[in-house]
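Try each task yourself before you read its solution.

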Amino acid sequence: MNSNEWFKTWFNSPYYHLLYNNRDYFEAEYFIKNIFLNLKLQTHSTVWDLACGNGRHALAINKLGFNVTGSDLSENSISDAKNFESKTLNYFVHDMRTKYKENYFNVVVNLFTSIGYFDDFNDNLLVFKNAYLALKPQGYFIVDFFNADFIVNNIKPTYEERRGDVCFLITKKIEQNKIIKNITFSDKLKNYSFKEAVSLLDYTTFLKLADNSGFKVVNCFGDYSLNTFNKNQSERLILVLQK
């Protein structure tokens, strides 16, 4: 295993799910309703949630009447998500750098900063190309990432998060155009340390990724209410791309 591929171990750790157990399902549903109403898709359209985590966005999309496939590299996340499977919602383990179906989906989504993890920058382009390949003609690719410019100007270098008996000490720094998050804690007399490293992919970089994979930009939003993106003020960068 490539030692730089931190996500293969951290995302599969029970402590990852513990630290992020307060993620907001209502916020996910709010965003999904807004973005899918904006697209004006027919019900029963096919959607691929690429890097779906434990499936909260896929579940929200499915509730709107769409046929959804969710995939993620984390076996534990997919195991949790499978508890909600149905005839129109299914999940499987998959590395988003690997091709899946061709000309099959109406929409592919990559949400909540689920790209930019890779040591090799070209792996990000692979994800875009796989999304393009999987889409039907005129299909949409929605990417939701943090706004890199906002993050750089508002970084919080050190803070703590307590979950039950576990106190996570989190430090952040910017290094080699990545935001590096170190997470240390103790549990049951054992010390743990994990790292997250996400590339600071900015608006211009995403436009290049889109162009190099064949997409055209349809829209760009700066938050989950779909307000216009502002480089200096928006916390999110949400791109709607079309094949």
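**Exercise 1.** Find the strand that holds Ser199, then decide whether Ser199 is buried or exposed.

*Solution.* Start with the strand: Ser199 belongs to β9, residues 190-199 (strands are DSSP runs of E with at least two residues, helices are runs of H or I with at least four, and both are numbered from the N terminus). Next comes accessibility. Ser199 counts as buried because its relative accessibility is 9% (buried means under 20% relative accessible area, exposed over 50%, partly exposed in between, with a 1.4 Å probe and protein chains only). Now look around it: leaving aside neighbours within four places in sequence, Ser199 is in contact with Gly116, Phe118, Phe145, Phe146, Asn177 and Lys178 (contact means heavy atoms within 4.5 Å). Finally, pick out Glu5: 194 residues separate it from Ser199 along the chain, and their C-alpha atoms are 13 Å apart.

Before going on, note that this is a predicted model, where local features need pLDDT of at least 70 and side-chain atom pairs count only at pLDDT 80 or more, while totals for chains, interfaces and linings use all residues. Residues are numbered from 1 along each chain as its sequence is written, and side-chain values use heavy atoms, with hydrogens and water left out.

**Exercise 2.** Work out which members of the largest nonpolar core touch the most other members.

**Exercise 3.** Describe how α6 and α8 pack together.

*Solution.* First, the geometry: α8 covers residues 203-213, and it meets α6 at an angle of about 50°, with the axes 9 Å apart (axes are lines fitted to C-alpha atoms, for helices over the stretch in contact, and angles run from 0 to 180 degrees between N-to-C directions). The two helices are therefore oblique (under 35 degrees is roughly parallel, over 145 roughly antiparallel, 65 to 115 roughly perpendicular, the rest oblique). Then list the residues: Asn124, Leu125, Phe128, Lys129 and Tyr132 of α6 meet Phe206, Leu209, Ala210, Asn212 and Ser213 of α8.

**Exercise 4.** Find out how many residues of α4 are buried, and what they pack against.

*Solution.* Helix α4 spans residues 56-63, and seven of its eight residues are buried. Those seven are Arg56, His57, Ala58, Leu59, Ala60, Ile61 and Asn62. They pack against α3 (25-39), β1 (46-50), β2 (67-72), β3 (89-93) and β4 (105-110).

**Exercise 5.** Where are Ala51 and Thr113 found?

*Solution.* Ala51 sits in the loop between β1 and α4, and its phi is positive, near 70°, though it isn't a glycine. Ala51 counts as buried because its relative accessibility is 16%. Thr113 lies in the loop between β4 and α6 (122-134), with a positive phi of about 55°. Thr113 counts as buried too, because its relative accessibility is 11%.

Notes: A nonpolar core is a set of buried Ala, Val, Leu, Ile, Met, Phe, Trp, Tyr and Cys residues joined through side-chain atoms within 4.5 Å.
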